[in-house]
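Here is a walk through one protein model, with the sequence and the 3D view side by side. Keep the picture open while you read and try to find each piece as it comes up.

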Amino acid sequence: MWTVRNVYRRIRALIWKNEIEQDMEEELRLHLQMRTEDNVASGMSTEEARRQAIRRFGNIERIKEHGRDIRGGGFMEVLIQDIRYGVRLLAKSPAFTLAAVLTLALGIGANTAIFSWLKALALDYMPAVERPQDLVALPGMNADGSGCCSGVSYPNLLDYQNRSGVFDGILGYEIINVNMRTQTDSMRVQGTIVTGNYFGVLRVKPFLGRAFLPDETQTVGTHAVAVISHSMWQRVFGADAGIVGREVSINGRPFTLIGVTPPEFGSAMVGLAFDLFIPVTMQPVVSPGSNMVVNRGSMWLDLMGRLKPGVTVERAREGILKVSRQLETEYPESGKDKTLGVFPLLQSPMGLQSEIVSVIVVMMAVVGLVLLIACANVSNLMLARAAVRQRETAVRLALGAGRARLVRQLLTESLILALAAGAVGVVVGAWTVRGMLMLVPQLDLPISFNVGMDRNVLLFTFGLSVLTGIMFGLLPGLRLSKTGVAPALKETSRSQTGRSRLRTVLVVGQVAVSVVLLICAGLFLRSLQSTYHADLGFNSNDTLMVSLDVFPNGYTPDQGRRFYAQLLEEVKALPGVESATLARRPPLSMRGARGTGLAEIEGYQPGPDEELGTIYDTVGTKYFETLQIPVIRGRGFTDEDRNESQSVVVVNENFAKRYWPNQDPIGKRIRRGDVWLEVVGMARNVKYREISESGRVYLYAPHQQVYEPDMTLLVRAKDPLSLTEPIRQLTKSIDKDLALFGIMPMSTHVGNAMASQLAAASGAGVFALLALVLAVIGIYGMISYSVSQRTQEIGVRMALGASRRDVYGLILGQGARSIAIGLGIGLAISAFLTRFLQGLLFGIRSSDPITFLGISALLLIAGMVACYIPARRATQVDPATALRHE
Amino acid sequence: MLKERTNVLQGTLDMLVLKTLSWGPQHGYGIALRIQILSDEVLKVEEGSLYPALYRMEEQGWIESEWRASENNRRAKFYKLTARGRRYLRAESEAWDRLSGAVSKVMKAAEDAI
């Protein structure tokens with residue numbers, strides 16, 4: 001029957017349903033008329049004729065119905081009927097509908113969120129780039145596969161590209177931070193130095209302007225051109241249409257902007273979006289003092305290639321190896337057995353995406369499981385309802401409804417629920433994604449993922465909703481359609497023990513899982529709490545942080561020292577400033593402090609295998625006063641500690657205790673390389689890298705003696721943020737090509753350090769809540785079903801004298817049993833598992849009794865509330881009606 | 001058993017309708033009338049059987065329909081035999097001859113023919 005012609009006719013029938021109706025109506029009417037006339041002709045009266053004709057005709061409606069069935073116009077009509085019936089039915093039981101939609105929405109939403117990430121990382125990971133599947137990463141490594149990953153020099157890049165014969169092109173890039181000055185502002189910009197063919201190999205079409213021309217990237221230092229990102233064009237240049245040709249100053253040198261990248265484009269690196277693209281030939285200009293472009297030994301570029309059509313990764317490897325061997329013979333001093341690895345982007349050892357993708361895949365499995373549990377829950381709920389509707393179903397069957405029609409109608413109902421849940425799920429998914437993005441750590445890299453609700457994600461959600469609807473709707477539908485008409489009409493309500501065992505196990509399992517998740521979340525939350533209250537060792541209130549970097553602008557150490565000294569003097573003189581200092585890596589910075597080896601520590605005999613070393617920071621004068629770190633012995637740094645004077649250091653308590661126990665550290669000396677350092681002070685311990693650390697040894701050195709070009713200004717004042725503008729003006733007046741960045745109150749900086757704790761607590765919290773909601777709904781469904789099955793029994797009990805309280809006790813007792821078992825199992829599992837979390841917790845034991853007790857109480861309350869509603873329904877059973885059900 | 005007889009009856013009706021149409025296009029009432037007259041009033045086709053049969057045969061492509069003016073200039077839906085229908089009619093006709101011939105032989109057989 002499903003030939004092409006028939007399908008075509010059915011579709012036509014759908015469209016011209018009305019016309020088919022009219023068609024039949026007219027045809028049959030004519031037939032009636034003609035028979036009537038014939039009857040009249042054979043002698044009957046008009047009325048008699050007509051009556052006979054109608055009688056002869058039989059049931060017109062049935063003929064039409066038959067006709068509809070055959071000709072197919074009926075399908076649409078039936079569907080609409082089913083939909084309206086389904087919606088009405090769902091509206092009549094709002095509690096069920098709400099519970100079902102909520103459950104499914106959570107499951108579907110979680111899947112949508114994870115799918116968005118999958119799309120961003122594995123499917124649509126290089127937006128605006130044509131055919132990223134033809135791109136490969138080319139890290140430098142040894143021929144035997146070890147030693148990954150190093151950079152490649154520019155001359156080598158050219159040789160690989162031109163000689164290997166397997167690439168359409170090879171591009172190279174390297175991250176660079178620069179100070180950019182426009183007509184109005186100075187700012188720090190994260191950019192990349194790229195080869196001239198960068199946009200060509202990626203096949204990215206500029207949004208405005210153009211990419212680099214070949215002769216612009218031939219000779220070093222000739223064409224000072226740059227491309228900016230769409231985001232920067234909007235943020236900094238206000239989407240100015242005349243941006244092409246605009247001049248800016250980068251690290252003090254003039255550059256011309258020639259193009260703007262498309263809005264979605266980030267860079268050649270997955271997950272990173274840069275604002276500025278500078279050609280390789282300008283590298284010596286922006287990094288004065290080094291010319292890495294022509295140097296075959298400068299392995300500074302990361303490479304990526306586009307394979308020629310039809311070239312496999314294997315062939316590419318051979319081609320690359322061939323060139324590597326040639327280069328080895330031609331330039332033996334560059335080392336032996338070095339080559340480039342060839343990896344499809346998603347498997348590249350350079351980026352993080354391979355790890356993240358595997359994490360995402362695991363998460364997909366997890367949320368898939370969550371959705372299955374949600375479906376099982378809703379299936380349960382529907383079964384409870386189906387049992388109640390058994391009578392109605394039996395009647396409909398007796399009246400001639402086909403079983404197929406019944407199943408179809410139930411499926412329609414399920415699909416309505418599922419699609420509604422899908423719509424809510426999209427919102428849930430969007431929120432979840434937004435939440436997850438907020439938890440991405442704030443590294444010093446412009447992380448930007450292409451995570452968003454685009455057409456593909458919506459399509460996925462829709463498909464998943466339909467699948468979900470079919471999954472949980474099929475089972476009750478089939479059960480219902482198997483209803484024997486006679487037994488159902490006789491209303492023998494025997495509960496099916498086999499099925500209910502499975503149901504109970506499912507509910508107990510859900511309760512146990514939510515207990516485990518809730519306890520983990522609780523522990524993380526308490527850990528977060530102690531983190532907030534931890535003693536950091538310094539006072540981060542009322543302090544402003546402003547970072548600068550003079551290196552890009554080509555400052556010599558002397559110039560740098562003078563600059564920072566002058567800046568510090570002038571900042572201290574600003575009104576409202578209580579004190580100010582410098583530090584390279586303030587405590588709890590995301591980028592850790594430097595480490596150094598120490599050749600000798602006076603008075604300390606190192607062990608046989610012990611290597612002496614410490615981490616240290618270079619700081620300005622008045623450092624300890626500004627951050628209110630007590631200097632327990634000796635002093636901090638003063639203006640007397642100049643470059644020419646005796647090299648001094650300040651140690652922390654741990655250092656002194658470790659190397660000079662029970663001795664006075666003042667006056668002791670430490671040798672670093674050739675230089676002897678004298679200890680002039682000992683400061684109280686501070687949290688240097690993480691809040692959860694302890695026992696770190698630490699050293700402070702004065703900036704004038706141990707110079708670094710990138711420093712952070714720390715300014716203590718009553719209203720720290722108000723000093724931002726004055727400091728900006730001050731800096732501008734000294735050197736207008738310098739940019740300030742990382743401007744924030746120190747309390748925000750400290751908050752960032754807690755980000756990982758926050759992330760763990762939030763993530764676990766969300767999952768735990770999800771599990772709890774599902775478990776509660778599961779309990780509700782189970783008890784609800786049980787009540788509907790035991791209506792008769794309850795009626796009997798009440799008739800025999802049971803009070804309402806007794807009925808409550810009966811039902812709640814049943815629920816309490818399952819909850820208690822689930823709770824017990826959950827607590828046992830938690831007690832075992834949480835010890836593995838101890839490393840992540842701060843200030844709290846993994847067996848923290850308050851958490852365990854609190855969660856148990858929470859679960860018991862939630863569970864009993866879930867039982868309450870069906871229990872109340874049970875007490876409202878009218879014994880007389882219930883008994884009559886038999 | 002009951003189902004089979006319905007099928008046989010249904011198939012036979014189809015054949016009769018197609019035969020009627022083989023003499024030229026006709027509308028539903030006309031088909032019923034023709035069968036009635038040709039069978040000497042023995043076969044009176046019910047409307048409840050006729051129209052479903054016509055719709056079904058149209059779905060299967062044995063007949064086509066067209067709204068035309070009838071003998072007395074009224075608008076009526078005329079059915080016409082298609083090439084496929086003609087082929088089907090021929091096949092069914094032969095099958096029916098075989099069947100009815102066989103049945104007759106058995107019914108008319110003398111007891112001692114076995």
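What follows is a short tour of chain B, then some strands, a pocket, a cavity and one glycine in chain A. Keep in mind that this is a predicted model.

**Chain B**

Let's begin with chain B, which has 4 helices and 3 strands. Walk along from the N terminus and the elements come in the order α-β-α-α-β-β-α. Chain B has 114 residues, and 38% of them count as buried. Its accessible surface is about 7,200 Å², with 56% of that belonging to carbon and sulfur atoms. As for contacts with a separation of 6 or more in chain B, 46% are between residues 24 or more positions apart.

Strand 2 of chain B is joined to strand 3 (residues 75-81) of chain B by 7 bridges, and the two run antiparallel. To spot this pairing in the picture, look for B:I63, which stands opposite B:L81 in strand 3 of chain B. A handy thing to know while you look: in a regular strand, side chains alternate between the two faces of the sheet.

**Strand pairs in chain A**

Now over to chain A.

| Strands of chain A | Sense | Bridges |
|---|---|---|
| Strand 3 (residues 167-181) and strand 7 (residues 247-250) | antiparallel | 2 bridges |
| Strand 7 and strand 8 (residues 253-260) | antiparallel | 4 bridges |
| Strand 18 (residues 631-634) and strand 21 (residues 675-683) | antiparallel | 3 bridges |
| Strand 19 (residues 648-652) and strand 21 | parallel | 5 bridges |
| Strand 20 (residues 669-672) and strand 21 | antiparallel | 4 bridges |

Strand 7 of chain A turns up in two of these rows, paired with strand 3 and with strand 8.

Strand 21 of chain A has its own set of partners. A:V631 stands opposite A:A683 in strand 21 of chain A. The bridge partner of A:V649 in strand 21 is A:V679, and for A:I670 the partner there is A:L677. Here, too, you can find a hairpin: strand 20 and strand 21 of chain A have 2 residues between them. A:G673 sits in that turn and has a positive phi of about 65°.

**A pocket and a cavity**

Next, the spaces in the model. The second largest pocket has a volume of about 1,200 Å³. Which residues lie nearest its centre? They are A:R188, A:Q190, A:D444, A:F741 and A:G742, out of 43 lining residues. Among the elements that give two or more residues to this lining are strand 3, strand 4 (186-194) and helix 22 (746-753) of chain A. Sorted by type, the lining of this second largest pocket has 22 nonpolar, 11 polar and 10 charged residues.

There are also 7 cavities of 30 Å³ or more. The largest cavity has a volume of about 50 Å³. Its lining includes A:R585, A:P586, A:Y688 and A:Y698. By type, the lining of the largest cavity divides into 5 nonpolar, 2 polar and 3 charged residues.

**One glycine up close**

Let's finish with A:G422, which you will find in helix 14 (residues 403-438) of chain A. Is A:G422 buried or exposed? Its relative accessibility is 5%, and buried means under 20%, so A:G422 counts as buried. Which residues does A:G422 touch, leaving aside its neighbours within four places in sequence? A:G422 is in contact with A:I108, A:T461 and A:S465. Also find A:G107: in sequence it is 315 residues away from A:G422, yet the two are 9.3 Å apart in space, C-alpha to C-alpha.

Note on methods
Residues numbered from 1 in each chain as written. Chains lettered and ligands numbered in written order. Predicted model: local features only at pLDDT ≥ 70, side-chain atom pairs only at ≥ 80, totals over all residues. Heavy atoms only, no water. Pairing = 2+ DSSP bridges. 1 Å grid on protein atoms, 1.4 Å probe; cavity = no way out; pocket = protein on both sides within 12 Å on 5 of 7 lines; lining within 4 Å. Points joined across faces, edges and corners; volume = space filled by probe spheres on them. Nonpolar A, V, L, I, M, F, W, Y, C, P; charged D, E, K, R; others polar. Buried < 20%, exposed > 50% of the residue type's maximum accessible area, 1.4 Å probe, protein only. Contact = heavy atoms within 4.5 Å. Areas by Shrake-Rupley, 256 points an atom, 1.4 Å probe, with all protein chains shown as cover.
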